[in-house]
Amino acid sequence: NQTTNWTCSAASSLTILKYFNVANLPANDVNYFYSVLGDAIVYKIRDGLNNYLGANKYGWVIRNDLASYIDEISSSLNKGCPVIARVSFGSNSYFKYTSDGHYLVISGIYTSSSGTVMLILRDPFTYTGGGSIDIPASVLRTYGTYNGASDVYLIIGREQISPRVSHYLDVKAGTGGTISSGTSGSFYNGDAINLSASPSAGYKFVNWSSTNGGSFGNTTSAT
């Protein structure tokens, strides 16, 4: 949802970062989004996303015809990257408000049984409760011309990105020792976890081992 005092650009950006399971988000630090992403500046949204996802993962384009607009969205979604769109529209049956510059997330695209290209939107504006709505692509494009604005700005994925997958790590010591630091729990791919083991009297530490993936910085060091 678009939290009080947050801009729609910041709320949309946070939606995408949460989709990718990015850790250590400044969820309560609206000043970060104002200072890094700014308000209604698409290249700063791009920079903010790339700050968390890696350089050049996201870029931005301007499109003013329906075919290329749909192509850009499809390409980004096929890379696993939701799109942020800056649009302008008047009040209509899909949107209960008017805007000359609003950011929202496009999370899907499909063709209906009648042949209409549909977009799945996650609109951070509070009237939707941050929920999902499906609209014809042509409607969003048509209302992109509201108030004289003829272009739709898209912040799109440039490279394949996959949401981070979490795995449960079960840390156990063998006979004659204990785990002295580090606990079992869920962690994301690539997370570094500090572990240490202590041998009991009359025993010595031999090595770490894993039964289902994962690697160790030093298998023969107890810390």
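Predicted model: local features only at pLDDT ≥ 70, side-chain atom pairs only at ≥ 80, totals over all residues.
Which strands each supply at least two residues of the lining of the largest pocket?

Figure 1. Strands E7 (166-169), E8 (177-181), E9 (185-188) and E10 (196-199) each contribute at least two residues to the lining. The lining comprises 43 residues, of which Leu169, Leu195, Trp208, Ser209 and Phe216 are the closest to the pocket centre. Classified by type, the lining holds 17 nonpolar, 22 polar and 4 charged residues.

**Figure 2. Helix H4 and the residue that follows.** Helix H4 spans residues 66-78, 13 residues in total. From its first C-alpha to its last, H4 reaches 18 Å, close to the 18 Å expected at 1.5 Å a residue. Buried positions in H4 are Ser68, Tyr69, Ile70, Glu72, Ile73, Ser76 and Leu77. Just after H4, Gly80 adopts a positive phi of about 85°.

**Figure 3. The largest nonpolar core.** This core has 19 residues, and the members that touch the most others are Tyr69, Ile73, Ile106, Leu119, Leu121, Leu140 and Leu154. At least two residues each are supplied by H4, strand E2 (83-89), strand E3 (99-111), strand E4 (117-122), strand E5 (132-136), helix H5 (137-142) and strand E6 (152-157). H4 provides the largest share, 4 residues.

Methods:
Residues numbered from 1 in each chain as written. Heavy atoms only, no water. Expected span 1.5 Å × (residues − 1). Buried < 20%, exposed > 50% of the residue type's maximum accessible area, 1.4 Å probe, protein only. Core = buried A, V, L, I, M, F, W, Y, C linked by side-chain atoms within 4.5 Å. 1 Å grid on protein atoms, 1.4 Å probe; cavity = no way out; pocket = protein on both sides within 12 Å on 5 of 7 lines; lining within 4 Å. Nonpolar A, V, L, I, M, F, W, Y, C, P; charged D, E, K, R; others polar.
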